[in-house]
Amino acid sequence: LYMNKAFITISLVTLILTSILNTLVFFGDSQEWVIENVSFKSSANTPVYPGSRGAQLVLEARYNGVLNATSPIACLSGIPEAFTALSKCSISYDGENKPLTQIGAGEIARFIFSLDVDRNAEPGLYEMGVNITYYTPEGGLQYSLLPITVEIIELPPLEITTEAAYFTPYAYPGANNVGLAVKIRNNGSTSILVLDASVSFPDLVTPSSANVSLAGIQPGESATIYVQGLTISPHAQPGEYLISIRLNATLTTPDGIRYSSSTTVQATVSVYESPGINLEILDYGFTADTVLSGLNNTNIYVTIQSYESGVVSIIYYRAEIFNAFFQNKSQVKIGELNAVLNYLDTYSFLVDGVSIVEGSDSVLVLLTLISQVSREGATFPSSINITLYMPVASRVLSINVSRVEWASVNAYPSSTGNTLVVSVLNLESF
């Protein structure tokens with residue numbers, strides 16, 4: 001009952017003082033109060049940006065008066081045009097955010113305000129005033145006008161780094177229908193809603209450019225830009241080549257501000273020396289019907305066809321895998337094949353025991369086939385390097401909260417030891 005009366009009293013005093021402050025300008029002694037700390041955070045507890053809504057301004061002020069101060073109230077004044085005050089005045093709170101009715105010398109009061117920031121506000125420091133009014137037993141209504149400074153931070157730029165880039169499945173001069181896979185990472189502090197990538201290739205690749213769109217890349221996450229239908233010039237020399245990627249993104253901050261940002265990144269891709277044998281990849285992929293990140297102990301199938309005029313004896317393969325691992329936790333595996341292919345013969349084999357790393361959006365395999373070629377009565381060793389890029393599907397579990405209740409019949413304010421029961425419903429088919 002006492003707390004209810006105190007709260008009603010504080011509310012009435014707030015209304016009265018707000019009315020007074022709207023008609024009067026105070027120029028009091030600011031030494032009675034000292035601002036100890038100013039905190040200005042967005043509704044998501046991040047820095048405040050242009051366009052932030054419901055940003056919270058928290059002031060901590062120490063009272064240095066001799067007499068106890070009753071019902072301290074603070075109101076903002078001289079608010080810059082970049083801000084709109086949702087709550088211009090605030091009663092005082094203690095360190096536990098409980099309303100204060102009285103404060104003594106050396107004690108700290110907290111005042112909490114809510115502000116919207118204009119979308120076109122310039123980043124930088126802004127000054128405004130805070131007028132603290134209060135009662136003392138002998139002095140009656142007192143006031144202190146104090147200056148404060150808050151900061152608006154520039155919206156974070158698009159920060160993208162390239163982690164790897166490959167031509168796939170071939171990276172040889174004269175290769176047709178080649179894909180390019182570029183793994184990128186969002187190193188920024190904001191989420192990417194849509195990312196449009198314009199890839200520019202060196203002269204050895206046709207077409208000279210390609211456009212790709214991606215969506216939903218959270219801070220710290222990786223994604224893959226994949227371009228198909230490329231041709232590497234037969235005159236290309238083995239070596240490393242630079243590609244340029246122009247990125248235009250729509251981003252969102254943790255407190256919901258949408259904005260655009262652009263950047264340009266570069267990546268290096270390699271072209272290898274042409275193999276001494278003529279084999280073509282007809283098909284490759286996972287043997288599993290549904291391929292999800294985290295899938296364990298699946299297989300990769302590869303079907304090849306020989307266009308070599310002689311006889312090709314494939315002895316074994318060496319597979320190096322990324323975003324996955326084999327049964328012995330290794331990323332490298334060697335498997336025996338001993339296959340003999342004549343002209344136009346096809347052959348399929350498995351790279352077995354593959355487990356996909358949880359959270360991966362693709363699996364990359366660097367496959368080397370070690371062979372012997374018999375041509376015109378001569379036999380010589382040869383090998384072919386193949387890069388296999390395989391997208392991996394992502395899936396969000398369909399699990400709903402069906403019921404939330406207390407274990408006991410009732411739970412009262414300030415009660416302890418209560419048990420909350422949360423029931424969930426699995427809507428998945430597995």
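**A walk through a predicted chain**

Visitor: In which loop is Pro207 found?
Guide: Strands are DSSP runs of E with at least two residues, and helices are runs of H or I with at least four, all numbered from the N terminus. Pro207 is found in the loop between strand S13 (205–206) and strand S14 (209–217).

Visitor: What kind of model is this?
Guide: Residues are numbered from 1 along each chain as its sequence is written, and side-chain values use heavy atoms, without hydrogens or water. Local features need pLDDT of at least 70, side-chain atom pairs count only at pLDDT 80 or more, and totals for chains, interfaces and linings use all residues, in a model that is predicted.

Visitor: Which residue is joined to Thr168 by a cis peptide bond?
Guide: Go to the loop between strand S10 (160–168) and strand S11 (178–186). A proline lies there. The cis bond has omega of about -5° and joins Thr168 to Pro169.

Visitor: What does the C-alpha trace span along its principal axes?
Guide: There is one number for each axis. The spans are about 115 × 55 × 30 Å.

Visitor: Which residue in S19 stands opposite Phe286?
Guide: S18 and S19 (residues 298–306) are antiparallel partners over seven bridges. Opposite Phe286 stands Ile300.

Visitor: How many bridges join S8 to S9?
Guide: A hairpin of three residues links these two strands. Leu125 stands opposite Glu151 in S9. Strand S8 (residues 124–136) and strand S9 (residues 140–152) run antiparallel, and the bridges number 13.

Visitor: Is Thr224 buried or exposed?
Guide: Buried means under 20% relative accessible area, exposed over 50%, and partly exposed in between (1.4 Å probe, protein chains only). Thr224 sits in strand S15 (residues 222–232). Its relative accessibility is 10%, so Thr224 counts as buried.

Visitor: Which residues does Ala82 touch, beyond those up to four places away in sequence?
Guide: Ala82 is in the loop between strand S3 (69–77) and strand S4 (83–87). Contact means heavy atoms within 4.5 Å. With close sequence neighbours not counted, Ala82 touches Asp116, Val117, Asp118, Ala121 and Tyr126.

Visitor: What is phi of Asn97?
Guide: Asn97 is in the loop between strand S5 (89–91) and strand S6 (102–103). At 43% relative accessibility, Asn97 is partly exposed. Asn97 is not a glycine, yet its phi is positive, at about 60°.

Visitor: What is the relative accessible area of Leu344?
Guide: Leu344 lies in the loop between strand S22 (332–341) and strand S23 (346–356). Its phi is positive, near 70°. Leu344 counts as partly exposed, with an area of 41%.

Conventions
Two strands pair if DSSP finds at least two bridges between them.
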